[in-house]
Amino acid sequence: MSSTVKITIKSLKWAPWVTPVEVSQATPAQRAAMQVTPSNTKVSPYVRTLALDPESSVARTTLFNAIMYVKGGLGRDDRELGALIASGVNGCAYCASVHARRYLELSGRHDVVSRLYTQGLDSRFDARTQAIVDFCRALSGHASEVTAEQVQALRDAGLKRHEVVDLIHAAAIFGWANRLMHTLGHAVAA
């Protein structure tokens with residue numbers, strides 16, 4: 001299976017299909033929801049779109065932040081690689097771009113991102129990276145096809161049990177997040 005989306009580190013924008021909340025006209029609940037942002041950094045059009053349903057936005061973003069930004073457990077770079085691979089499988093060019101840049105920034109692994117960019121998900125990597133790519137690719141494609149051998153490859157690569165669980169969470173939330181982003185908007189050139 002080849003990548004369903006061209007993975008790039010080029011910055012993309014995300015444009016919603018619906019009109020997002022205007023910060024100046026937001027209700028108190030929407031303002032409170034917009035304070036809980038992915039990465040806790042900015043109020044993007046995506047955050048303003050999620051704020052249309054503030055209760056869901058807070059629940060979604062709290063879970064997202066707990067999976068992607070919690071201290072301890074699997075390294076943040078490996079979580080970003082899991083998000084990148086899931087986004088590639090799910091065809092979310094915007095998320096793949098964001099997480100390719102984050103992975104590169106955190107890991108310094110130009111070789112991995114370059115191979116994903118030029119050769120897609122069929123690229124070959126060192127044993128540890130390959131184990132993460134294979135596992136997240138299988139989990140994101142057809143979760144029932146994840147094999148015991150793929151889990152053992154992660155363990156052989158040095159991941160502890162709780163780190164495998166963290167990787168499952170990172171890939172799984174992008175199975176959901178990618179589909180939500182596709183439903184609510186689309187990637188456009190920056």
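Visitor: Does Trp-17 count as buried or exposed?
Guide: This is a predicted model, in which local features need pLDDT of at least 70, side-chain atom pairs count only at pLDDT 80 or more, and totals for chains, interfaces and linings use all residues. Residues are numbered from 1 along each chain as its sequence is written, and side-chain values use heavy atoms, with hydrogens and water left out. Buried means under 20% relative accessible area, exposed over 50%, and partly exposed in between (1.4 Å probe, protein chains only). The relative accessibility of Trp-17 is 55%, so Trp-17 counts as exposed.

Visitor: Where is Trp-17 found?
Guide: Helices (H or I, at least four residues) and strands (E, at least two) are DSSP runs, numbered from the N terminus. Trp-17 is found in the loop between β1 (12-16) and α1 (28-34).

Visitor: How far apart in space are Trp-17 and His-186, C-alpha to C-alpha?
Guide: Contact means heavy atoms within 4.5 Å. Leaving aside neighbours within four places in sequence, Trp-17 is in contact with His-182, Thr-183, Leu-184, Gly-185 and His-186. In sequence, Trp-17 and His-186 are 169 residues apart, yet their C-alpha distance is 7.5 Å.

Visitor: Which residues does Met-181 touch, not counting those up to four places away in sequence?
Guide: Met-181 is found in helix α9 (residues 161-184). With 4% relative accessibility, Met-181 counts as buried. Not counting residues up to four places away in sequence, the residues that Met-181 touches are Trp-14, Tyr-46, Tyr-94, Cys-95 and His-186.

Visitor: What is the relative accessible area of Asn-178?
Guide: Asn-178 also has its place in helix α9. Beyond residues up to four places away in sequence, Asn-178 touches Ala-86, Ser-87, Asn-90, Cys-92 and Cys-95. Asn-178 is buried, and its relative accessible area is 0%.

Visitor: Is Thr-129 buried or exposed?
Guide: Thr-129 is found in helix α7 (residues 127-141). Leaving aside neighbours within four places in sequence, Thr-129 is in contact with Leu-81, Arg-109 and Val-112. The relative accessible area of Thr-129 is 5%, so this residue is buried.

Visitor: At what angle do the axes of helix α5 and helix α6 cross?
Guide: Two packed helices are described by the angle between their axes and the distance between the axes. Axes are lines fitted to C-alpha atoms, for helices over the stretch in contact, and angles run from 0 to 180 degrees between N-to-C directions. The axes of α5 (residues 93-107) and α6 (residues 110-119) come within 9 Å and cross at roughly 155°.

Visitor: Which residues of α6 make the contact with α5?
Guide: From α5, the contact is made by Ala-100, Tyr-103 and Leu-104. On the α6 side, the residues are His-110, Val-112 and Val-113.

Visitor: What is the radius of gyration of the chain?
Guide: The chain has nine helices and two strands. The radius of gyration is taken over C-alpha atoms, and the globule rule is 2.2 Å times the number of residues to the power 0.38. For 190 residues the rule gives 16 Å; the chain comes close to this, so it is as compact as a globular protein of that length, with a radius of gyration of 17 Å.
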